[in-house]
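Please look over the sequence and the structure shown here, and then work through the questions and answers that follow.

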Amino acid sequence: MQYLINVIDHRSESGTAAERAAIDVFNEKLIAGGNWVFAAGLADPTTSTVIDGRGDEPVFTDGPFIEAKEWAAGFWIIEAPDLDVALALMTEGSKACNRRLEVRPLLAPPA
Amino acid sequence: MSDIREALTRAHREEWARVVATLAKRFGNLDTAEDAAAEAFMTATERWPRDGIPPNPGAWLTTTATRKAIDRIRRESSRDARQRGAELLYDIETEPVGAIDDDRLRLLFICCHPALAMDARVALTLRMVGGLTVTEIAKAFLVQDTTMGARITRAKTKIATAGIPYRVPDTKDLPRRVSGVLAVLFLIFNEGYLATGPHTPPIREDLTAEAIRLTRLLHQLLLDDGEVTGMLGLMLLTDARRSARVSSQDALVPLAQQDRQLWDAALIAEGHALVRERLASGVAPGRYQLLAAINAVHTDGDATDWTQVVALYDQLVRLDGSPIVRLNRAIAVSEHDGAEEGLVLIDELGSDLAEYHAYHAARAKLLRRLGRDAASREAYDAAIKLAGNTAEIAYLSAQRESQD
């Protein structure tokens, strides 16, 4: 299965050098274990743009689609056989990035 | 006819969890397992009166439920899924059935998984392992059938979608996961033992009995786990006092005033044996073993030996220094050293336990013993306002009045 892991934060681009180093070590471990799919940090939610392309003319709106006190400051996508493995791995990830994490399953592609 | 009904009831009590667990493993889906098990028991109520009780009811139920599940999968599947279903059916690994490999244990661990909300864990455990109906569980927790049904469905969907695995946790995780299961069982027991709500009977024997039954099952599966043994001892020694705990006026009777003749001697003997077994192991006890030992002291001889109780609470506070444990230790100290000493300790907990009725009740009692009647009455008022159990409210109200 694949899981999306959101890094929960209430500040933006607030990672420290020590956290980045710890995340690098953790990512090496994900890669070595065959669990790595993708990961990235995200810019502040105020820099996002909402698109509605469903009508004749596209509508662009400034800002995040939902105003929240907390948001995703980055994310991982990992491969893990089940939730227990994902939780065990990302408990270490939480320690490394020094943030709370949300683990969310990706829907399996239709067979 | 009554033989048949008895056989059906016993089969339900003894075999439900095994049938669900076996099917959950085989079909990899709790929903299928639950529905097929329910259908199999339904079929039994039709067939057994006509055809007689099968020689091995458990095997009969498992076979019938398996057929029901296969029928259902065939009926509902598209061709692709049908093929997958067929593969599933032929791809059964037979694992050795050692204690730790029991499917019912897997079922308990999946129902009590830490990624589920606590109320969902409780509901799922009672449904899947306990075999209670959704209506029974809804009634037990004073919510609508539809609410409880939705809670259980949501939990099952999360298990399937999020990939919560159907297996016994590895050795490294086992103690933590077992303690998670125990927390669920203890919550069910406590809701039975000190039921909340103005229209609920003060003691819910259905819930205490179910919690004990499930804990016995867990104990049978994990005989060497000290905390499981401790939990069973704790429940038995607590439940043994049930008949003496509520007066004919439906008021709670405190331990010291209970009629010990009403206590269940067999349960006490069994509980004491479990506590002795843990003591003999020489392994440092966990919190449930200490709580069981405290209850063993309470139920030993003609009166509680408070020196031993305080010593056990000292040990417990070192493991778990939470305000509620410290409150109980303070109450023991007040019995052993006097009201003054106890009150000093209780007053330290005011900021943490201001919303907890037992804190105010304990203060009220000690303030009265010290002759501080006005303050005591105020504390009784606070306790009555926060208490949720009808018998406890009746007891506290009577205590409050008795000093006016």
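**Strand pairing and helix packing in a predicted model**

Q: How many bridges join strand 3 of chain A to strand 4 of chain A?
A: In this predicted model, strand 3 of chain A covers residues 49-52 and strand 4 of chain A covers residues 59-62, and the two run antiparallel. The number of bridges joining the two strands is four.

Q: How many residues lie between strand 3 of chain A and strand 4 of chain A in the hairpin?
A: Chain A has two helices and six strands, and from the N terminus its elements follow the order β-α-β-β-β-β-α-β. Strand 3 of chain A and strand 4 of chain A form a hairpin, and the number of residues between them is six.

Q: Are helix 16 of chain B and helix 17 of chain B roughly parallel or roughly antiparallel to each other?
A: The axes of helix 16 (residues 323-336) and helix 17 (residues 339-347) of chain B come within 7 Å and cross at roughly 165°. Angles over 145 degrees count as roughly antiparallel, and the two helices of chain B, helix 16 and helix 17, are therefore roughly antiparallel.

Q: Into which classes do the residues of the contact of helix 16 of chain B with helix 17 of chain B divide?
A: Helix 16 of chain B passes helix 17 of chain B in a right-handed crossing. The contact includes Leu327(B) and Ile331(B) from helix 16 of chain B, and Leu343(B) and Ile346(B) from helix 17 of chain B. The residues of this contact divide into eight nonpolar, two polar and one charged.

Conventions: Residues numbered from 1 in each chain as written. Chains lettered and ligands numbered in written order. Predicted model: local features only at pLDDT ≥ 70, side-chain atom pairs only at ≥ 80, totals over all residues. Pairing = 2+ DSSP bridges. Axes fitted to C-alpha atoms, helices over the stretch in contact; angles between N-to-C directions. Parallel < 35°, antiparallel > 145°, perpendicular 65-115°, else oblique. Left-handed = near helix turned anticlockwise from the far one by under 90°. Contact = placed C-beta atoms within 7 Å. Nonpolar A, V, L, I, M, F, W, Y, C, P; charged D, E, K, R; others polar.
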